Amino acid sequence: MNSKKVPQTLTIAGSDSGGGAGMQADIKTMQEHHVFSTSVVVGLTAQNTLGVQSVLPTPVDMINAQFDSVFDDFDIKAAKTGALFDQQRVETVVENINKHNIHPIVVDPVMVAKGGARLLDDAGIDAIINKLIPIADIVTPNLPEAEVIYGKKIDKNDDVIATATYIQQLGAKNVIIKGGHQEGDMLSDYVLLENGVSFTIESTKYETVRKHGTGDTLSSAIVSNLAKGLSIKEAIIEGKHYIDTILQSEIIVGHGHGPLNHWGAEDEIR
């Protein structure tokens with residue numbers, strides 16, 4: 001029998017019944033990166049490629065029980081957060097991150113679904129900004145999320161730099177401002193590292209409706225790379241490369257904002 005110990009990861013997020021985003025995208029991404037994913041389900045969504053039809057947050061006691069169960073058994077090397085639904089759930093997740101000393105932790109500050117449905121209330125957003133981001137090792141907002149966190153419109157490159165600096169000053173060690181909402185043929189993600197080094201990752205903009213779960217997938221790829229021992233910078237670069245690769249290999253699923261092809265980079269995963 002051929003057996004081996006593999007890196008173990010954790011996704012702390014909501015369930016997407018349509019399978020394209022949320023916890024399902026996280027688990028698929030982690031599986032493709034050859035790490036073993038555990039999960040804490042913070043809420044359920046009735047969701048497909050056309051939108052979110054219903055949301056049901058998980059009772060706090062059950063969230064706590066899931067955390068305790070995972071950390072009683074598994075050796076978690078890296079974790080991420082996704083949709084957290086409301087203030088109470090955000091604060092519960094923060095308490096458990098501190099209780100179990102979960103690091104590195106990647107925070108994907110999910111606020112709005114791809115179809116436009118809000119996945120976080122105002123009090124929840126405040127809790128993300130004031131309680132979760134300050135304990136994050138990496139924060140990965142897209143431009144609309146970054147504007148909410150910064151409280152100002154982002155119109156030019158200087159605004160992106162100022163926003164990343166502001167988020168880092170909140171306490172986050174490393175920040176990625178994702179450029180997926182930019183106009184033009186090329187996209188630019190801005191990365192500000194804990195040591196003050198910054199860089200951009202340029203990529204081609206692919207005109208496609210099959211991008212559901214892109215943010216979840218990127219953060220999960222980064223977590224997977226961190227669990228395998230890559231540095232923060234390497235994990236981010238490799239994670240972005242994974243996204244760019246699978247965007248070029250579409251699958252036809254659903255009738256709206258279709259999911260990514262998570263196995264589209266199998267030949268390149270190391």
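Contact, as used in these legends, means heavy atoms within 4.5 Å, and the views are taken from a predicted model.

**View 1. Helix 8 and the elements against which its buried residues pack.** The buried residues of helix 8 are Ala235, Ile236, Gly239, Lys240, Tyr242, Ile243, Asp244, Thr245 and Ile246. These residues pack against helix 1 (22-32), strand 7 (174-177), strand 8 (186-192), strand 9 (198-204) and helix 7 (214-227).

View 2. Strands 7 and 8 run antiparallel and are joined by three bridges; Val191, in strand 8, is the bridge partner of Ile176.

**View 3. The largest nonpolar core, with 44 residues.** Within this core, Leu10, Ile12, Leu132 and Ile177 touch the most other members, while helix 4 (residues 122-132) gives the most to the core, with five residues. Apart from this core lies another, of 25 residues, which includes Phe199, Ala221, Leu230 and Ile243. Not counting residues up to four places away in sequence, Leu132 touches Thr81, Leu84, Val90, Val94, Ile97, Val107 and Ala127.

**View 4. Salt bridges, of which the structure holds 13.** The side chains of Asp86 and Arg89 meet in a salt bridge, at 3.1 Å from N to O; Asp86 counts as buried at 15% relative accessibility, and Arg89 is likewise buried, with a relative accessible area of 11%. In the salt bridge between Lys131 and Glu91, the closest N and O atoms are 2.8 Å apart. Because Lys131 lies in helix 4 and Glu91 in helix 3 (residues 87-99), this pair ties together parts that are 40 residues apart in sequence. Lys131 is partly exposed, with a relative accessible area of 40%, and Glu91 is also partly exposed, with 22%. Salt bridges that share partners join Lys5, Asp75 and Lys77 into one network.

Definitions and conventions. Residues numbered from 1 in each chain as written. Predicted model: local features only at pLDDT ≥ 70, side-chain atom pairs only at ≥ 80, totals over all residues. Heavy atoms only, no water. Buried < 20%, exposed > 50% of the residue type's maximum accessible area, 1.4 Å probe, protein only. Helix = DSSP H or I, 4+ residues; strand = E, 2+ residues; numbered from the N terminus. Core = buried A, V, L, I, M, F, W, Y, C linked by side-chain atoms within 4.5 Å. Pairing = 2+ DSSP bridges. Salt bridge = Lys/Arg side-chain N within 4 Å of Asp/Glu carboxyl O.
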